[in-house]
Amino acid sequence: MKWYTKLILPILAVVIWEIAAVLVNNPYILPRVEEVFAVFLTPFADIYGSGSLVSNAVISITRVVTGFVIACVIAVPLGIILGRYPRLENFCDGLIQILRPIPPMAWVPLSLAWFGIGMSSIVFIIVIGCFFPILVNTIDGVSRVKKSWVETAKIYQANDRQVLSKVLLPAAGPAICNGLRLGFGIAWMSVVAAEMMPGASSGLGYLIMYSYNFSQIQVIIAGMVAIGIIGIAADQLFRIVQKKKFAWEVLDK
């Protein structure tokens with residue numbers, strides 16, 4: 001399938017949007033495409049004292065990267081340990097399964113109580129959002145590594161560090177990378193929701209809520225489109241890494 005075929009539905013959606021906007025004829029309900037596009041033509045312009053589209057996007061990205069890195073530093077090593085030792089994984093599984101389904105936004109009251117209003121509480125929500133997808137996929141990837149591979153490495157006098165770096169991580173790499181990809185997507189959704197919390201003063205989520213107070217629907221939609229574009233770019237980056245680093249998995253399938 002050619003790459004440009006993926007553009008058919010987005011273009012069709014824009015056409016339907018424009019037709020609907022003309023029929024509704026009410027910019028406070030559904031602005032026309034050019035009104036939203038005009039926001040992107042001035043991405044550095046201040047929007048009613050809330051900062052520009054670019055500045056808020058940069059703030060959101062910074063928060064996501066910070067929370068994502070923290071989650072990776074905790075979840076990946078922990079996932080390797082739990083995947084490597086099944087008894088320990090079984091011991092922890094109950095707690096993981098209880099906490100994993102809880103939506104990140106359900107942690108908002110505790111986040112505000114523990115960290116107050118500001119960067120720390122938003123980052124905490126992001127960490128919670130992407131921690132479990134990374135952890136579960138890492139556990140799954142490591143636990144699926146064939147025991148014969150590990151035993152063969154030990155026969156050749158490989159120590160624990162060499163088994164980890166030469167056997168476990170390469171074999172579990174696709175699953176871990178997939179967990180990172182899923183985790184980043186959830187982190188991006190979490191930051192937008194967290195920035196809509198009381199006390200937030202920057203970020204794309206804040207910009208959307210702030211624009212709602214001024215009935216600037218075109219800015220709201222522009223913010224939503226920006227969120228989608230950044231999310232697609234991040235997902236494509238992970239896809240490229242997966243194809244380059246784990247091409248053998250695709251061939252094996």
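**Aromatic contacts in a predicted model**

The chain averages a pLDDT of 85, and 94% of the residues score at least 70, pLDDT being the predictor's confidence in each residue, from 0 to 100. This is a predicted model, in which local features need pLDDT of at least 70 and side-chain atom pairs count only at pLDDT 80 or more, while totals for chains, interfaces and linings use all residues. Residues are numbered from 1 along each chain as its sequence is written, and side-chain values use heavy atoms, with hydrogens and water left out.

**View 1. The ring pair of W114 and F124.** A search of the whole structure finds 10 aromatic pairs (rings of Phe, Tyr and Trp, the last by its six-membered ring, with centres within 6.5 Å; planes under 30 degrees apart count as stacked, over 60 as edge-to-face and the rest as tilted). The rings of W114 and F124 are edge-to-face, because their centres lie 5.8 Å apart and their planes stand at 75 degrees. Since W114 belongs to helix α5 (residues 108-115) and F124 to helix α6 (residues 119-143), the pair ties together parts that are 10 residues apart in sequence (helices are DSSP runs of H or I, at least four residues, numbered from the N terminus). W114 counts as exposed at 51% relative accessibility, whereas F124, at 16%, counts as buried (buried is under 20% relative accessible area, exposed over 50%, partly exposed in between; 1.4 Å probe, protein chains only).

**View 2. The cluster of Y48, Y206, Y210 and F214.** Ring pairs link these four residues, Y48, Y206, Y210 and F214, into a cluster. F214 counts as partly exposed, at 40% relative accessibility.

**View 3. R84 and the ring of Y85.** R84 lies over the face of Y85, at 5.9 Å from the ring centre (a charge sits over a ring if NZ of Lys or CZ of Arg is within 6 Å of the ring centre and within 35 degrees of the ring normal).

How values were computed
Helix = DSSP H or I, 4+ residues; strand = E, 2+ residues; numbered from the N terminus.
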